[in-house]
Amino acid sequence: MTAPVERIKAQMRWEFERVGPPDGFPAFHDIPIGRYTSDEFFELERMHLWSRVWVMAGRADDIAAPGDYLTFDDLVVPVVIVHGSDGVVRAFYNTCQHRGAPVVRDQRGSARNLRCQYHGWTYDMIDGQLVSVPDERDFVGLCRDDRGLRQLSCEVWQGWIFVNQDPEAAPLRDWFGPVLAELEEFGGADLRTVAVRSEVIPCNWKVTAEAFLEVYHFRHIHSRGPAGDSALDHRGAAMGLFPNGSSRMVTPFSRPSVEALGMADWADFKHHVNPEFADTAAVNDMVRSTSTAYSLFPNLITPVASGGFPFLMFWPLDQGTTRLDWIHYAPKTWEGDTLPTAWQRRLAGFDLIMEEDVRNMAPMQRSLESPAMRGVPINYQERRIWHLHEQIDRTIGIDRIRPEWRVAQVLEPFLER
Ligand code: FES
Ligand SMILES: [Fe+2]
């Protein structure tokens, strides 16, 4: 399935011409500050959100052969992801059922079974069953069947491994719905990891995510050159809100970008191919002629492109600290680890944009904690932010959240169908 290009183009036209939000669009109340600053809200997220969502944990080609494993700690609970001898990728808690040592300690490795490095309890790599215990005679009444490694939900989609701590989690495709279907033309299974960047930022994870959910800020902090040109025209940005908090944003190019690319106007979608980068031919012309990005609830945002693109991921460390990772994937046409010059240039350009965003985010947490800040008003073109917050509340369970910290559930009638 490709994105509904003609419908999105019509929406962009409409966005350019509108004089306000559409009829019947709700007035948002302010987003309560406690959602960004309180330990209590952070704890609710930790207990009821991060324990129930699908997150990207690695690439299948990181564990390409049966017996390969990698550890994953970004959900705070230690996890080991294993390529079983039956070819299936599974995730287990990396917690030995003897005295809780990590079963494996290396970030990556290969083994015939999972043997705890502390006292040698050994688990089967396919089902996590406890298969041997040194000096078993010294345990009274030990039942091996009760002491297997505990498993997490795990699915591989287009070469990306996703895990979810919730054993009852909806299947990945059902949960993300149209987003995964639209991303399929990017041929993820054929992409390779090109570059990995990571930065710790002193602000709440939602502050970092929100910076990539709107383009209202774009021309103010990302303009370039002596004329202060913005590459994008945010006035025509079309948002697509999907069930379960995920979304799409398509932003037209600005006049200078349109001219540089030889387009008649922003709507003249063409099959642009940059010869400096290996190209995924199936990618549609809207993506090639706009800035298009998807968000996968809760913590993955990807600004897509035909010649490779990054995943941005937001990992909360505490209520006021986040690790922001951005990992570039692309059809890899070169040998070895040295990046071609074109890629070095491109990464430097992307890092500059990230630096502009990050420079802005870090001081925001201090403001959010200041008595000067009473609430966060959100406008129509920032509605993907509201959509994120609504889903956070639904995932945590609205009744668990103090009434004064909830956001109203109002965007359902505005989902894309
Ligand atoms: S903690 Fe793993 S064998 Fe003892
Ligand atoms: Fe930005």
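**View 1. Helix α1 of the predicted model, residues 5-17.** Helix α1 has 13 residues and reaches 19 Å from its first C-alpha to its last. That is close to the 18 Å expected at 1.5 Å a residue; the expected span is 1.5 Å times one less than the number of residues. Helices (H or I, at least four residues) and strands (E, at least two) are DSSP runs, numbered from the N terminus. K9, M12 and E15 are buried in α1. These residues cover an arc of only 115° around the axis, so they sit on the same side of α1. The arc is that of the directions from the helix axis to the C-beta atoms. On the face turned away from the buried side, α1 carries the exposed residues E6, R7, W14 and E17. Buried means 20 or more other C-beta atoms within 10 Å of the residue's own, exposed means 12 or fewer, and partly exposed lies in between, with C-beta atoms placed from the backbone. The cover over the buried residues includes β12 (238-241) and β13 (247-252); contact means C-beta atoms, placed from the backbone, within 7 Å.

This is a predicted model: local features need pLDDT of at least 70, side-chain atom pairs count only at pLDDT 80 or more, and totals for chains, interfaces and linings use all residues. Residues are numbered from 1 along each chain as its sequence is written, while chains are lettered from A and ligands numbered from 1 in the order in which they are written.

**View 2. Helix α11, residues 383-396.** Helix α11 has 14 residues and reaches 20 Å from first C-alpha to last, close to the 20 Å expected at 1.5 Å a residue. Helix α11 is mostly covered, with 12 of its 14 residues buried. Among them are R383, W386, H389, D393 and T395. The cover includes α3 (39-49), α6 (205-210), β12, β13 and β14 (290-296). Just after α11, G397 takes a positive phi of about 105°.

**View 3. The contact between domain 1 and domain 2.** The domain assignment gives domain 1 (5-52 + 177-414) and domain 2 (55-164); such bounds come from an automatic or database assignment. The C-alpha centres of the two domains lie 33 Å apart. Domain 1 puts 12 residues into the contact and domain 2 puts in 9 residues. On the domain 1 side, β16 gives the most, with 3 residues. That side divides into 8 nonpolar, 3 polar and 1 charged. Here Ala, Val, Leu, Ile, Met, Phe, Trp, Tyr, Cys and Pro count as nonpolar, Asp, Glu, Lys and Arg as charged, and the others, Gly among them, as polar.

**View 4. The largest nonpolar core, with 88 residues.** Such a core is a set of buried Ala, Val, Leu, Ile, Met, Phe, Trp, Tyr and Cys residues joined through C-beta atoms within 7 Å. V80, I81, V103 and V163 touch the most other members. Strand β16 (residues 309-318) supplies the largest share, 5 residues.

**View 5. S110 in strand β5, residues 108-110.** S110 counts as partly exposed because it has 13 C-beta neighbours inside 10 Å. Beyond its neighbours within four places in sequence, S110 is in contact with A65, G67 and D68. V82 is 28 residues from S110 in sequence and 9.0 Å away, C-alpha to C-alpha.

Note on methods
Two residues are in contact if their C-beta atoms, placed from the backbone, lie within 7 Å.
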